[in-house]
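Please look over the chain below.

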Amino acid sequence: MSKFVINGGNKLVGEIDISCAKNSLLTILAGCILSEGEIVLHKYPSYTDTECMCNILKHLGAKIKKEGEVLVVDSSSLNSFDIPTELACLVRSSIFALGAIIGKFKKAKVAYPGGCEIGARPIDIHLSGLRQLGVKITERHGYIYCDGKDMHSATIMLDFPSVGATENLIMASVLTKGETVIYNCAKEPEIVDLQEFLNLLGAKISGAGTEKIVINGVAKLGGGEFTPIRDRIVAGTYMIACAMCGGDISLNGANPEHLQSVITKLNKTACQIEASCDKIRVKSDGKPLSLKKIETSVYPGIPTDLQAQLLALQCVSNGSCMIIENLFESRFKHVPELIKMGADIHLRDRVAFVRGVPKLFGAEVFGMDLRGTASLILAGLCAEGYSVVNNARHIDRGYNRIERELSSLGADIKRVD
Ligand code: UD1
């Protein structure tokens with residue numbers, strides 16, 4: 001089992017290219033199911049989550065080639081409409097393929113997505129939306145069976161602006177005749193990216209990024225070339241790393257508009273942030289001020305995917321902070337591990353009360369989920385002495401060789417297999 005060994009205390013200086021967004025890629029790969037042409041994705045990084053999604057596409061009959069940073073997907077000969085348990089349990093976003101499979105085949109058999117480390121993550125909003133599109137759904141023996149032969153356009157109001165449900169319902173509607181309108185949509189940049197990608201292939205979608213999305217069904221989708229947006233969570237993680245360790249880093253390709261809530265918070269910790277349209281520069285003396293209160297919410301609020309990293313930042317601030325996790329119920333598994341490093345944190349349900357300490361100390365800790373593991377790496381980077389962060393596999397789900405990128409900024413971090 002691979003782990004990271006970190007000798008903390010180095011400032012971070014230099015520049016890195018931010019890779020494409022994992023969450024965009026996952027939904028874009030699902031979108032490839034709808035196409036009958038060849039799709040070329042540029043700047044394609046190596047995340048294990050996207051590899052799992054590629055394996056699902058291959059199981060459905062897609063031909064996939066990867067050459068360097070280019071991924072070519074040919075879905076013209078898809079011949080299967082099921083996702084078996086062994087594939088679905090590897091990546092929760094397998095459920096994102098459901099809408100596309102029904103859209104394409106008008107039927108689907110998909111195993112329930114695997115258990116998730118950050119909470120129950122129900123899919124009732126996805127299924128309710130599909131039912132409103134005329135899909136008949138039965139659930140038995142761990143599988144969701146969908147019959148879409150009577151599918152039709154609809155007006156759908158989501159109970160909550162779920163990212164996955166918004167994306168799934170867009171994909172289910174793209175090849176469904178008529179005009180489908182979805183209200184109370186999630187507004188995340190990855191949804192705008194999905195719209196741009198599908199429209200490039202010939203879809204007629206408008207409104208992504210707002211609470212109302214309109215999809216006019218088309219007969220088929222072709223191919224095309226696309227470069228997904230950069231990963232705002234990866235960029236945010238490195239910004240917070242710099243705020244904790246001190247230094248001066250530039251993140252090329254990062255879109256500051258996607259990180260406005262985080263930039264506002266980091267400015268309050270006394271970081272200096274310069275932003276242009278595709279670059280963010282962070283300068284910090286490594287002595288962050290306390291933020292008093294951080295509350296996760298849907299976009300454009302503070303992303304839940306940066307809660308763990310912001311919590312680590314507050315562990316070394318000059319005061320107290322209350323961190324409220326509003327999206328997922330079990331997203332504080334990093335807390336006991338940070339306490340092993342000397343952090344002062346008290347948990348009550350979905351609220352963490354953090355009191356900053358002058359220094360964290362190196363310790364052996366265990367990553368429990370993707371973003372929690374990132375927070376432990378950040379803590380290790382600014383702690384005194386050596387830390388061992390076990391379960392490196394969690395990080396590989398959504399960071400492209402994090403140790404290589406952090407080393408290039410001057411961090412002392414090695415992966416040990
Ligand atoms: C996506 C992101 C994930 C991010 C999350 C919130 C991907 C691949 N993943 O996950 O990184 O943390 O958005 O920004 O893009 N919910 C229901 N019923 C449903 C669907 C969701 O109750 O049918 C609840 C969830 O349990 C959660 C909240 O809605 O409490 C938000 O979930 P959602 O926006 O759907 O997140 P995901 O799409 O799973």
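Predicted model: local features only at pLDDT ≥ 70, side-chain atom pairs only at ≥ 80, totals over all residues.

D349 has a relative accessibility of 72%, so the residue counts as exposed, the cut-off being over 50%. D349 sits in the loop that links β20 (344-348) to β21 (351-355). Its backbone stands out too: phi of D349 is near 50°, a positive value in a residue other than glycine. Most residues other than glycine have a negative phi.

## A buried counterpart

Phi is also positive at N391, near 70°, and N391 is not a glycine either. This residue belongs to the loop between β23 (386-390) and α13 (393-396). Is N391 buried or exposed? Its relative accessibility is 10%, so N391 counts as buried, being under the 20% limit. D349, in contrast, is exposed at 72%.

## Helix α9 and its cover

Helix α9 covers residues 260-268. Its buried residues are S261, V262, I263, K265 and L266. Note that a lysine, K265, is on that list.

What covers these buried residues? The cover includes two helices, α8 (232-245) and α10 (307-315). It also includes the strands β16 (272-276), β17 (279-284) and β18 (292-295). After α9 comes A270, with a positive phi near 85°.

## A cis peptide bond

The loop between β18 and α10 holds P300. The peptide bond from Y299 to P300 is cis, and its omega is near 10°. Most peptide bonds are trans. Both β18 and α10 are also part of the cover over the buried residues of α9.

## Cysteines

How many disulfides does the structure hold? The count is zero. C54 is in no disulfide, and the nearest cysteine sulfur, in C32, is 8.4 Å away. A disulfide needs the two sulfur atoms within 2.5 Å. C54 is buried, at 6% relative accessibility.

C146 has its closest cysteine sulfur in C89, at 19 Å. That is too far for a bond. C146 is buried as well, with a relative accessible area of 5%.

## A proline in helix α11

P336 lies in helix α11, which runs over residues 335-340. Its relative accessibility is 43%, so P336 counts as partly exposed. P336 and I28 are 308 residues apart along the chain. Their C-alpha atoms are separated by 36 Å.

## The chain as a whole

The secondary structure comes to 14 helices and 24 strands. The radius of gyration is 21 Å, close to the 22 Å that the globule rule gives for 417 residues, so the chain is as compact as a globular protein of that length. The C-alpha trace spans about 65 × 45 × 40 Å along its principal axes.

Of the 417 residues, 60% count as buried. Consider contacts between residues at least 6 apart in sequence: 72% of them join residues at least 24 apart.

## Surface and charge

The accessible surface of the chain is about 15,800 Å². Carbon and sulfur atoms account for 51% of that surface.

How many positive and negative side chains does the chain have? There are 47 positive and 46 negative ones. The centres of the two sets lie 2 Å apart.

Technical notes: Residues numbered from 1 in each chain as written. Heavy atoms only, no water. Helix = DSSP H or I, 4+ residues; strand = E, 2+ residues; numbered from the N terminus. Rg over C-alpha atoms; globule rule 2.2 N^0.38 Å. Buried < 20%, exposed > 50% of the residue type's maximum accessible area, 1.4 Å probe, protein only. Contact = heavy atoms within 4.5 Å. Areas by Shrake-Rupley, 256 points an atom, 1.4 Å probe, with all protein chains shown as cover. Lys, Arg positive; Asp, Glu negative; His and termini not counted. Charge placed at Lys NZ, Arg CZ, Asp CG, Glu CD.
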